[in-house]
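Subject: Structure for your review

Dear colleague,

Please find below the structure that I am handing over to you. My notes on it follow.

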Amino acid sequence: MADNDIEEAVSRALDEAPERNFRETVDLAINLRDLDLNDPSKRVDEGVVLPSGTGQETQIVVFADGETAVRAEDVADEVLDEDDLGDLADDTDAAKDLADETDFFVAEAPMMQDIAGALGQVLGPRGKMPTPLQPDDDVVETVNRMKNTVQIRSRDRRTFHTRVGAEDMTADDIADNIDVIMRRLHANLEKGPLNVDSVYVKTTMGPAVEVA
């Protein structure tokens with residue numbers, strides 16, 4: 001459960017956001033300090049499952065064949081097989097469009113090498129190489145879990161953003177999501193909380209409110 005300071009900051013961000021004619025996301029802006037982000041090992045790159053969900057549609061594509069592909073049809077936005085992979089390898093523009101439109105990729109483990117060869121140059125720089133699906137993994141469970149997952153990724157920038165909810169979620173639920181992200185972030189940074197300079201929460205078009 002998030003502390004009161006986080007919940008109060010979220011409540012302010014929601015209350016102060018001007019009314020819009022579309023459903024806004026709620027985002028977290030994280031500013032780091034005292035880290036050499038030119039060193040890839042110091043960068044933040046974590047998938048975090050949000051306890052209250054993302055509040056948004058998450059686009060997930062599965063690379064699979066056979067029974068796994070059939071089961072994935074019920075939960076994934078798109079299921080692609082080896083032939084589809086070959087088509088994407090021959091059409092860089094289509095591969096880039098797919099990468100930009102998709103939040104997460106999942107792939108049966110035996111297909112990972114072919115995907116790396118065919119799409120690595122497109123997916124790699126975007127941080128979207130597929131999550132490998134091992135033989136004992138349940139594709140339905142994996143996809144459903146990823147629908148509630150966000151990626152926190154700094155690359156080489158000290159300031160980066162991640163989605164933590166939507167404006168029609170409760171402040172309590174959004175605060176719980178932020179709390180989980182901050183705990184994960186602190187656990188993975190070299191000096192923990194000392195590497196965090198400041199954190200702000202805001203709706204898409206609303207003012208930023210400091211969380212920490």
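In which sense do strand E9 (residues 196–203) and E10 pair, and over how many bridges? Strand E9 and E10 pair in the antiparallel sense, and two bridges connect them. Here helices (H or I, at least four residues) and strands (E, at least two) are DSSP runs numbered from the N terminus, and two strands pair if DSSP finds at least two bridges between them.

Some notes on the source come first. This is a predicted model, in which local features need pLDDT of at least 70 and side-chain atom pairs count only at pLDDT 80 or more, while totals for chains, interfaces and linings use all residues. Residues are numbered from 1 along each chain as its sequence is written, and side-chain values use heavy atoms, with hydrogens and water left out.

The antiparallel sheet

E9 and E10 belong to an open sheet of four strands in the order E8-E1-E9-E10, with antiparallel pairing. E8 and strand E10 (209–210) stand at the edges with a single partner strand each, so one side of each has no neighbour in the sheet. Between E9 and E10 there is a hairpin of five residues, and tyrosine 200 stands opposite glutamate 210 in E10. On strand E1 (residues 25–32), seven bridges make the antiparallel pairing with E9; asparagine 31 has serine 198 in E9 as its bridge partner.

The parallel sheet

Four strands form another open sheet, ordered E4-E3-E5-E6, and its pairing is parallel. Its edge strands, strand E4 (78–80) and strand E6 (131–133), each pair on one side only. On average, neighbouring strands of this sheet are turned by 25 degrees against each other, direction ignored (axes are lines fitted to C-alpha atoms, for helices over the stretch in contact, and angles run from 0 to 180 degrees between N-to-C directions). E5 and E6 run parallel and are joined by three bridges, and alanine 107 stands opposite proline 132 in E6.

The aromatic pair

A search of the whole structure finds one aromatic pair. Phenylalanine 63 and phenylalanine 105 are stacked, at 6.0 Å centre to centre and with 20 degrees between the planes (rings of Phe, Tyr and Trp, the last by its six-membered ring, pair if their centres lie within 6.5 Å; planes under 30 degrees apart count as stacked, over 60 as edge-to-face and the rest as tilted). The pair links strand E3 (residues 60–63) to strand E5 (residues 104–108), the two residues being 42 residues apart. Both phenylalanine 63 and phenylalanine 105 are buried (under 20% relative accessible area, with exposed over 50% and partly exposed in between; 1.4 Å probe, protein chains only).

Asparagine 148

Asparagine 148 lies in the loop between H6 and E7 and is partly exposed, with a relative accessible area of 32%. Its C-alpha atom is separated by 5.5 Å from that of threonine 54, although asparagine 148 and threonine 54 are 94 residues apart along the chain.

Kind regards
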